[in-house]
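Here is a short report on a few local features of one model. Have a look at the structure first, and then we can walk through it together.

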Amino acid sequence: MKGKINRRESLKSLGLLGLGLGQVEEFTFSKNYLPNSSFQNEKTSRKLTAITCGAGARGNTYGNYALKFPDELDIVGVAEPIEIRRKRYSEKHNISIKNQFTTWEEFFDKPKMADICIITTPDDLHYGPAMAALEKGYQLLLEKPIAQTWKECNDILQLQKQKNAIVAVCHVLRYAPYYRKIKEILESNRLGQLVSVQHFEPIQYVHMAHSFVRGNWRRKDETNPIILAKSCHDMDMLRWWINKPCNYVSSFGSLSWFKKENAPEGSTKRCTDGCAVESTCPYSALRIYHRERIWLHVLDLPEEKEKQGEAILDRLKTGPYGRCVYQCDNDVADHQIVSMEFDDDITANFSMEAFTDYWGRRTRIMGSMGCIVGDEEDLYISDFSTKEVEHWITKEYAERDSGHGGGDFGLVSDFLLAVDKNDQSLLTSNLDASMESHLMAFMAEESRLEKVVKKLNLG
Ligand SMILES: NC(=O)c1ccc[n+]([C@@H]2O[C@H](COP(=O)([O-])OP(=O)(O)OC[C@H]3O[C@@H](n4cnc5c(N)ncnc54)[C@H](O)[C@@H]3O)[C@@H](O)[C@H]2O)c1
């Protein structure tokens, strides 16, 4: 186990540093670190232009690439309904007033104005802009999940094929050195015949409360079930690593804790309403946002530090993030397990858990001649024949500041090269590659609700 990490390090590992507006100086990304990339250090032959639908956290993450590598990417338009976000994003990227819009629809009433459309709108607003952008001839950097239903995902795939467009699904882990290293080991057959995988995603209790109880991904009708919204990355990793079709899934899980019947006596609808247990509640909004000052990017605070305390209290009194975690309108599961069977009898178990004080992902991979144990920071590769154990250390390869262990900028870099060379095969997370893992997540949710094993049918 690792020792304690400080707040800055913990924010980094959550990918939060650099999410804030105007914080590009947090990045120290260099292209050299990406292992296994056929085009590391390669730059695009020209500056590509992009428009961004949704200037929230992810829109800024990808937009920051343009600030770091201005000779490769220029953001020339934005659609964002929240005025302060639109204004800050436009200032940051020097976007002319005529290319600033309130909603994504307005982009597509206009003639095509850039090479690329970055879709970083909420989950329920991927399908509309993706279809419209493809119709208009844009290449897409499309946030995951692709869309809210299997049919919508398929519609996007069909239109992408018809238009011969380059589409990158933002499965950023595929571009992170740690995940690539595991892929490389599996492809080298060092483990012999792959037999099974155990993969664990601890969400961490504050992250859970922030995103999946109070925040944007709390309701599956508005966004997606958590197995898709959060864990489609993990389904994608499993499918990518195992590199064989998944045939069956079964899943169990529920929302066990964050509901009204678990509200402590004396608790109030908002943490700011004089709640009797506020000072000891681990989920207290006052503790998270006001005392510890984390996850603040959603609050659109004033730049001036001296005004922020009052602004936070104001947001907590009226906005979604001040609500008691036991009195929200959330319905997504807080723990879920999925068992899967792939071709050649390879089995995989996945477990998503809210109730941990650590985050990241833990993986064990078992083969006939060796095994892997990893926790995103250290990777131990054992060889049964020689009894040797290789210790591979992520931080020697990854610039964590780019978010997702280096995956965020790695994705953009590969995507831009694919667009520049008009070659979809330069991307690992194209639409074709991402469809099956989405189906695994859709089927897992059906299995959880119906309590039956589901057979995957890609046809
Ligand atoms: N790849 C990853 O690892 C990863 C991580 C986090 C989130 N995501 C996904 O990225 C997407 C965005 O997430 P986020 O955290 O940036 O959310 P966010 O809420 O910070 O940003 C979304 C932005 O879209 C804007 N928006 C809403 N309606 C719009 C409209 N009609 N037209 C244009 N913009 C509109 C919102 O005002 C908001 O600013 C989600 O689908 C999410 O699931 C992916």
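Let's begin with a side chain meeting the backbone: a polar atom of the Thr223 side chain lies 3.0 Å from the backbone oxygen of Arg219. This is a predicted model, in which local features need pLDDT of at least 70 and side-chain atom pairs count only at pLDDT 80 or more, while totals for chains, interfaces and linings use all residues. Residues are numbered from 1 along each chain as its sequence is written, and side-chain values use heavy atoms, leaving out hydrogens and water.

Thr223 sits in the loop between helix H8 (205-214) and helix H9 (226-229); helices here are DSSP runs of H or I with at least four residues, numbered from the N terminus. Setting aside neighbours within four places in sequence, Thr223 is in contact (heavy atoms within 4.5 Å) with Asp123, Gln148, Asn216 and Trp217.

Two residues can be set side by side for burial, where buried means under 20% relative accessible area with a 1.4 Å probe and protein chains only.

| Residue | Relative accessibility | Class |
|---|---|---|
| Thr223 | 4% | buried |
| Asn60 | 1% | buried |

Asn60 belongs to helix H2 (residues 57-68). Between Asn60 and Arg85 there are 25 residues in sequence and 9.6 Å in space, C-alpha to C-alpha.

Finally, turn to helix H7 (residues 177-187), which is mostly covered, with nine of its eleven residues buried. Among them are Tyr178, Tyr179, Arg180 and Lys181. Just after H7, Asn189 adopts a positive phi of about 65°.

Methods: Helices (H or I, at least four residues) and strands (E, at least two) are DSSP runs, numbered from the N terminus. Buried means under 20% relative accessible area, exposed over 50%, partly exposed in between (1.4 Å probe, protein chains only). A polar contact is a pair of N or O atoms within 3.5 Å; within protein, one must be able to donate a hydrogen and the other to accept it, and residues adjacent in sequence count only if both atoms are side-chain atoms.
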